[in-house]
Amino acid sequence: MPPQLSQAIEKITADHGIKAGVLGVNKLEDLVFSLNDDQILTITGLFPNPEEMQLDYPVLHKVMAHLMKIDISDVQDGDIKYPDWGEKIKFNGLSRTMKIYLEQGFLHVHELDKYLDNNSNFFAEDVKDRVRKIYIDKAKEFSGDDLFMKILNTISHKPEPLFQLTAIIIMAKYFEICDIFEEPK
């Protein structure tokens, strides 16, 4: 925050006797999307027609780009409490290898959580929704390890180890909170 902005906020607070501050883009986005459609319309003037928009919002690519920058040496195994995935792994027909992949990814889920916490709730929900949609689409045709690999390859976009390892971090988060793969009945 530039010093001029800080001074202006202090002046507004002093002159008007109100609490003043700065809303970052993440908080502003959360605020706008918490409003109902009529309120948003009042602020923006109109809603764009989604069919006429040519937006490319690579939310998963943003997340993956961030995760690719993490230093893997920062993780101490004693700090990680692995979820008990045994029943869920069996129920979904996943092999021991896929369980190991998920555990490796889970080592870095805290980095993903920090990144999502530093973004808007809308962004975090969008990431979750996109991963969930990939799972739902692929689960129509595949199961078990084949389904795992189809999700992995869809998220990673490139069959390269760095991309795949990063995608596994994302999969581990959403596997744990049951947005991908089914909870045992």
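Student: What links Lys133, Asp137 and Lys140?

Tutor: These three residues are joined in a network of salt bridges. The term stands for a side-chain nitrogen of Lys or Arg within 4 Å of a carboxyl oxygen of Asp or Glu. This is a predicted model: local features need pLDDT of at least 70, side-chain atom pairs count only at pLDDT 80 or more, and totals for chains, interfaces and linings use all residues. Residues are numbered from 1 along each chain as its sequence is written, and side-chain values use heavy atoms, with hydrogens and water left out.

Student: How many salt bridges does the structure hold?

Tutor: There are eight.

Student: What makes the pair Lys114 and Glu111 a salt bridge?

Tutor: The N to O distance between their side chains is 3.5 Å, and the cut-off is within 4 Å, so the pair qualifies. Both residues belong to helix H7 (residues 109-117), three residues apart, which separates them by about one helical turn. Helices here are DSSP runs of H or I with at least four residues, strands are runs of E with at least two, and both are numbered from the N terminus.

Student: Why are Lys114 and Glu111 put in separate classes of accessibility?

Tutor: Buried means under 20% relative accessible area, exposed means over 50%, and partly exposed lies in between (1.4 Å probe, protein chains only). Lys114 has 46% and is therefore partly exposed, whereas Glu111 has 16% and is therefore buried.

Student: Where do Asp113 and Lys173 lie, and how do you know that they form a salt bridge?

Tutor: The closest N and O atoms of Asp113 and Lys173 are 2.6 Å apart, which meets the limit of within 4 Å. Asp113 lies in H7 and Lys173 in helix H10 (residues 161-176), so the pair ties together parts that are 60 residues apart in sequence. Asp113, at 27%, is partly exposed; Lys173, at 14%, is buried.

Student: What separates Arg130 and Asp126 in helix H8?

Tutor: They are four residues apart in H8 (residues 121-139), about one helical turn. An α-helix has 3.6 residues a turn, so residues three or four places apart point the same way. The side chains of Arg130 and Asp126 meet at 2.9 Å, N to O, in a salt bridge. Arg130 counts as partly exposed at 34%, and Asp126 as buried at 13%.

Student: What makes a set of residues a nonpolar core?

Tutor: Its members are buried Ala, Val, Leu, Ile, Met, Phe, Trp, Tyr and Cys residues, joined through side-chain atoms within 4.5 Å. The largest such core here has 37 residues, and Val127, Ile155, Ile170 and Phe181 have the most contacts inside it. Helix H4 (59-67), helix H6 (96-106), H7, H8, helix H9 (144-156) and H10 each supply at least two of its residues. H10 gives the most, with eight.

Student: Which residues does Ile170 touch, not counting those up to four places away in sequence?

Tutor: Ile170 touches Val63, Met64, Leu67, Leu112, Val131 and Ile155. A contact means heavy atoms within 4.5 Å.

Student: How do you know on which side of H7 its buried residues lie?

Tutor: The buried residues of H7 are Val109, Glu111, Leu112, Tyr115 and Leu116. They cover an arc of only 155° around the axis, which puts them on the same side of H7. The arc is taken over the directions from the helix axis to the C-beta atoms. These buried residues pack against H4, H6, H8 and H10.

Student: Why is Leu23 called exposed?

Tutor: Its relative accessibility is 51%, and exposed means over 50%, so Leu23 qualifies. Leu23 sits in the loop between helix H1 (3-16) and helix H2 (25-33).

Student: What makes a nonpolar surface patch of about 270 Å²?

Tutor: Leu23, Leu28 and Leu31 make it. Patch residues have over 30% relative accessible area and no salt bridge; nonpolar side chains (Val, Leu, Ile, Met, Phe, Trp, Tyr) are joined within 5 Å, and like charges within 9 Å.

Student: How many helices and strands does the protein chain have?

Tutor: The chain has 10 helices and zero strands. Buried residues make up 31% of its 185 residues.

How values were computed
Accessible areas come from the Shrake-Rupley method with a 1.4 Å probe; for residues, only the protein chains shown count as cover.
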